[in-house]
Amino acid sequence: MRPSPPRRLPLAPFLLLLTLLSPPRAAAAAGGPSAWVALRGAAGSRKASPAEKEAAAARLLRRLLPSHAGSFSFRIDSKGAVCGQSSCFSISNVVDGSAKGGAEILIQGTTGVELASGLHWYLKYWCGAHISWDKTGGAQLASISSPGSLPRVQGKGVKIERPVPWNYYQNVVTSSYSFVWWDWKRWEKEIDWMALQGINLPLAFTGQESIWQKVFKSFNVTDRDLADFFGGPAFLAWARMGNLHGWGGPLSQNWLDQQLALQKKILSRMIELGMVPVLPSFSGNVPAVFAKLFPSANITRLGDWNTVDANPKWCCTYLLDPSDSLFIDVGQAFIRQQIKEYGDVTNIYNCDTFNENTPPTDEPAYISSLGSAIYEAMSRGNKNAVWLMQGWLFYSDSAFWKEPQMKALLHSVPIGKMIVLDLFADVKPIWKMSSQFYGVPYIWCMLHNFGGNIEMYGILDSISSGPIDARISYNSTMIGVGMCMEGIEHNPVVYELMSEMAFHDKKVEVEDWLKTYSYRRYGQANAEIEKACRYLYHTIYNCTDGIADHNKDYIVEFPDISPSSVSSQLSKRRGMSIMRNHRRFFLSEVSGSLPHPHLWYSTKEAIKALELFLDAGSVFSKSLTYRQCLSKLANEVYLDALSSYQKKDSNGLNAHTRKFLEIIVDIDTLLAADDNFLLGPWLESAKSLAITENERQQYEWNARTQVTMWYDNTETEQSKLHDYANKFWSGLLKSYYLPRASKYFAYLTRSLQENQSFQLEEWRKDWISYSNEWQSGKEVYAVEATGDALAIARSLYRKYLRS
């Protein structure tokens, strides 16, 4: 069960801490007033009126805090009397007070998003509330005073301006790793969260397969052809990008119709609040039958993307060259079909033709012609189109994208008609090495998460200063901040700070900010919790090694190796935090090479933070902090087991094997006591979208496969993407990770007992067969927590970590 709201202390200490955080002052946006003009021109003609935006903010308040529905008044600053040409919100007292039971606090702002942001700012910094995703604490509102006694705002109030216009949200794969099984109820909560965080430029990719179905049918493609083209629900992101086709499919008409209806609700709510949704556009990915229907078209079959044996059932998709006139016809048709379905809701479209698909030549003139054609296809469908492009390619394929090639692509469209997402700016900012993207507007983004893995990780110093450094740098073309994680619902401290950077014009002093954050999140001004947060800030949330964090702990990504092949590596690997540079979707390890779990901090310091949380009796952080401590401990135990094997020490091997397996069971037990770390809800939400039994089986297979094997395998070769989307979920640990490790150690023990070489091929056959059976399984897993998480954490601390 989710814990009840923590006890709240008087607000005096909190308000004292608030004085350390002076409100951000107004700052000129990068690019000057033109950036704000561009903001106003980015929305389509289908817009909400000021009254509709005010009503949308009021409804959000009723969903969040129904008891205070009458305590706030919302007003759109439609004439710029408060905000001028910028985007802002202001918080002030209602002049006539609350004596008559009316509104107490007036929130004014440019759009419904600013109204929601102002509400959130007030609830945080005047009332001590904390609002997060449900899986990371939810809305903790117990500290808010009752209606009629809300804290007053000093003087004439507070005005907070955005230093840059845009606050972008999502990665092109978030729709698969996090949103895939959502219904409208869950989407409504997410859009509320987005508005409260100030997000005004969200990706809106749901339901696009229904649009593609109609468009491709107009080009004489049949439903049978499309069945092999679309991926399954959990793999749509990669089918959209042309990485694969057919895997996990086909899509039923029920799915297509459901998702289109859902998208229409999503877009309507975004527009009511004044958000500008980013819709997809044509990147060149076409069904195989296009090559037969249009034999003279310039269509190329792409190379393999991470299959084990280049199986044509899944691999080697078809790309229509942007230089071909047919590309413009298809692209224009797709934009127009979206406008027909949704109305004119946006002028901003995403296209990533070259995302992990390298152009056939590095000739700048050719690259420029491709970019021009892509944009022409957009602008033919919408004359006001703006191309939004992920800048990941400039990092992941930096050997190809040198200055001439980057300039050719970036300057292939008029300046102001392209926005680049500096996707990995929190670790590898491209703006620094490209002279501000050679004059093209860009958004400073935090990538942070890969595969939706659940690991405590962050770079708070980078978040608190990076966007400021970029904005005030010489000739800056930065026009926004963004969050581009592959999966959500983790590390709330990271996402709260990153969201706030949309409203800060100066670097944030992280330690001071954490004091107010810890008060709000943990419900009390507690010296032990504050100290624990400082430990976490200087360890887990201070990764400075420049390595992208993808969880490769041995429990969740068990090494596929023969122990005899890694004997020389064991001593070198202990305590090291090395991970090779990687492309986002390809993180497999070569057989025979021992993987490197990422360890960027002192585990002793992290354990000190755990001790403080346990001493304080905190209902938050203990599960995650302790799980991470145990997972890192298991990495060491695994290495101890291999070392014992190398020494032919049977007793040592048995002891370390038992300990490794016991840690898995204990972590599962700990996570089972928290509703937010269960496998069951993921599977049940997938099945709940099904209408037929076939759909139910297909959706469950999709859900199970994504978090385990991910992609195809043979009898003796696992998927190259196995465990990419690994999860620390109760149920998954015991039913999948535990049997896999048990099988490996059983083969290891037998090898030592019989004095024979390790049977690597047999072990692979055994566990891959088990995995495929599990992927097709129908076992039901718990959807509600059992046990006392705090008591379990304390017990396991005494068992494993007490010195």
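1. A cavity here is a set of grid points where a 1.4 Å probe fits but cannot get out. By this rule, the count is 10 cavities of 30 Å³ or more. The model is predicted.

2. The largest cavity holds about 290 Å³ of space. Its lining consists of 20 residues. Nearest the centre of the largest cavity lie Gln208, Arg240, Met241, Ser281 and Ser283.

3. Helices H7 (208–217) and H9 (236–240) each give at least two residues to the lining of the largest cavity. H7 has the largest share, with four residues. By class, this lining has 12 nonpolar, five polar and three charged residues.

4. The second largest cavity has a volume of about 140 Å³. It is lined by 16 residues, and the closest to its centre are Ser175, Val180, Thr206, Arg240 and Gln259.

5. The largest share, three residues, comes from H10. This lining counts nine nonpolar, five polar and two charged residues.

6. Elsewhere, a helix pair. H13 (residues 364–381) packs on H15 (residues 403–410) at an angle of about 25°, with the axes 7 Å apart. That angle makes H13 roughly parallel to H15. The crossing is right-handed.

7. On the H13 side, the contact is made by Pro364, Ile367, Ser368 and Gly371. H15 contributes Pro404, Gln405, Ala408 and Leu409. The contact has five nonpolar, three polar and no charged residues.

Methods: Residues are numbered from 1 along each chain as its sequence is written. This is a predicted model: local features need pLDDT of at least 70, side-chain atom pairs count only at pLDDT 80 or more; totals for chains, interfaces and linings use all residues. Side-chain values use heavy atoms; hydrogens and water are left out. Axes are lines fitted to C-alpha atoms, for helices over the stretch in contact, and angles run from 0 to 180 degrees between N-to-C directions. Angles under 35 degrees count as roughly parallel, over 145 as roughly antiparallel, 65 to 115 as roughly perpendicular and the rest as oblique. A crossing is left-handed if the near helix is turned anticlockwise from the far one by less than a right angle, and right-handed if clockwise. Contact means heavy atoms within 4.5 Å. Ala, Val, Leu, Ile, Met, Phe, Trp, Tyr, Cys and Pro count as nonpolar, Asp, Glu, Lys and Arg as charged, and the others, Gly among them, as polar. On a 1 Å grid over the protein atoms alone, a cavity is a set of points where a 1.4 Å probe fits but cannot get out, and a pocket is an open set with protein on both sides within 12 Å along at least five of seven lines; lining residues have an atom within 4 Å of a point. Grid points are joined across faces, edges and corners, and a volume is the space filled by probe spheres set on the points.
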